[in-house]
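Have the viewer open while you read.

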Amino acid sequence: MRRSRFSYWLQSPEGKKFMTYCYGIGALLVLIGAILKLTHWLPILWENFLIAAGLAIEVVIFILETIAKQHEDEENDDSL
């Protein structure tokens, strides 16, 4: 199966750097949202939004990583 340019980009140094930043931003949003929720600062539901946004970013990252890994595994499969 032919790999897309996006899969190649994800495996490049720039793509890996981008994914690292996304991991960090997603984790940061989840942690800040959890701290706000536990301490009851900002009672305007910002903490729920931050937690949801951070988890959504993490979900997108896991999907992209799975797609890129699947293409990489298909290329390394010598049984065909």
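## Overall fold

The protein chain has three helices and zero strands, with helices (H or I, at least four residues) and strands (E, at least two) taken as DSSP runs numbered from the N terminus. Read along the sequence, that gives α-α-α.

A word on ground rules: this is a predicted model, where local features need pLDDT of at least 70, side-chain atom pairs count only at pLDDT 80 or more, and totals for chains, interfaces and linings use all residues. Residues are numbered from 1 along each chain as its sequence is written, and side-chain values use heavy atoms, leaving out hydrogens and water.

## Burial and surface

Of the 80 residues in the protein chain, 24% are buried (under 20% relative accessible area; exposed is over 50%, partly exposed in between; 1.4 Å probe, protein chains only). The protein chain exposes about 6,200 Å², and carbon and sulfur atoms supply 70% of that (Shrake-Rupley method, 1.4 Å probe).

## Helix H2

H2 covers residues 13–39, 27 residues in all, and reaches 39 Å from its first C-alpha to its last, close to the 39 Å expected at 1.5 Å a residue (1.5 Å times one less than the number of residues). Its buried residues include Gly15, Met19, Cys22, Gly26, Leu29, Gly33 and Leu36. An α-helix has 3.6 residues a turn, so residues three or four places apart point the same way. After H2 comes His40, with a positive phi near 60 degrees.

## Phe6

Phe6 lies in helix H1 (residues 5–11) and is partly exposed, at 38% relative accessible area.
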